[in-house]
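Subject: Structure for you, with notes

Hi,

Here is the structure I promised to pass along. Please have it open while you read the notes below.

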Amino acid sequence: MTVSMHAASVPVFKQFLGSLSALLDKAQAYAAEKKVDPEVLLQSRLYPDMFPLLRQVQIACDFAKGVSARLADAEVPVYDDSERTFEQLQALVAKTTTFIDSLEPVLFDGAHEREVVLRPGTPKERRLIGHDYLLHYGLPQFQFHVVTAYAILRHNGVEVGKRDYMGQY
């Protein structure tokens, strides 16, 4: 059985973007219940040299839209990453989900062999075929930022567990 590049990417991104949205809901409710300034959670990190929750969510969205667009041979939308609140992050997650949902499965035909060029024209330029781009770069990067967002919230006392991380599948 062959799995299409669309089936191996978009549903996975949607599942974990849904998870991120639910995690953000729980974090916002936790902040209100415990009278914690939301900014404290949004700026929390696992370690000083890591990005805070806010940036983890933005980067996860960047990977979901970027990987999907590149595999579909579509233009990668540019978002300004100016979100500063839970509501704005929720809007970002929703906008990202809407974008990847708009990519028709037929656009992914041949994506497993399509060359993807990362950071073109720079010393860090990297060329990958679509299959390797998705499985060895895109999905792991996306998952790293989703799980780090989860871990930041868990570390700060938000009552979340594996089921919250996994989302609906």
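To describe how helices pack, I use axes, which are lines fitted to C-alpha atoms, for helices over the stretch in contact, with angles running from 0 to 180 degrees between N-to-C directions. Helices (H or I, at least four residues) and strands (E, at least two) are DSSP runs, numbered from the N terminus. Please note that this is a predicted model, in which local features need pLDDT of at least 70 and side-chain atom pairs count only at pLDDT 80 or more, while totals for chains, interfaces and linings use all residues. Residues are numbered from 1 along each chain as its sequence is written, and side-chain values use heavy atoms, with hydrogens and water left out.

First, the helix pairs. The axes of α3 and helix α4 (residues 86–102) cross at roughly 10° and come within 9 Å. That makes α3 roughly parallel to α4 (angles under 35 degrees count as such). On the α3 side, the contact (heavy atoms within 4.5 Å) includes L53, V57, C61 and A64, and α4 brings in F86, L89, V93 and F99, among others. By class, this contact has twelve nonpolar residues, three polar and one charged; Ala, Val, Leu, Ile, Met, Phe, Trp, Tyr, Cys and Pro count as nonpolar, Asp, Glu, Lys and Arg as charged, and the others, Gly among them, as polar.

α1 and α5 also pack at an angle of about 10°, with 11 Å between their axes, and are therefore roughly parallel to each other. Among the residues in contact are F13, F16 and L20 of α1 and L134, F142 and Y150 of α5. After α1 comes K35, with a positive phi near 60°.

Now the pockets. On a 1 Å grid over the protein atoms alone, a pocket is an open set of points where a 1.4 Å probe fits, with protein on both sides within 12 Å along at least five of seven lines; lining residues have an atom within 4 Å of a point. The largest pocket holds about 280 Å³ of space, a volume being the space filled by probe spheres set on the points. It has 14 lining residues, with F63, R70, L118, R119 and Y137 closest to its centre. α3 gives the most to this lining, with five residues.

The second largest pocket has a volume of about 210 Å³. Of its 15 lining residues, T2, V3, S4, M5 and H112 lie nearest the centre.

Happy reading!

Methods: Angles under 35 degrees count as roughly parallel, over 145 as roughly antiparallel, 65 to 115 as roughly perpendicular and the rest as oblique.
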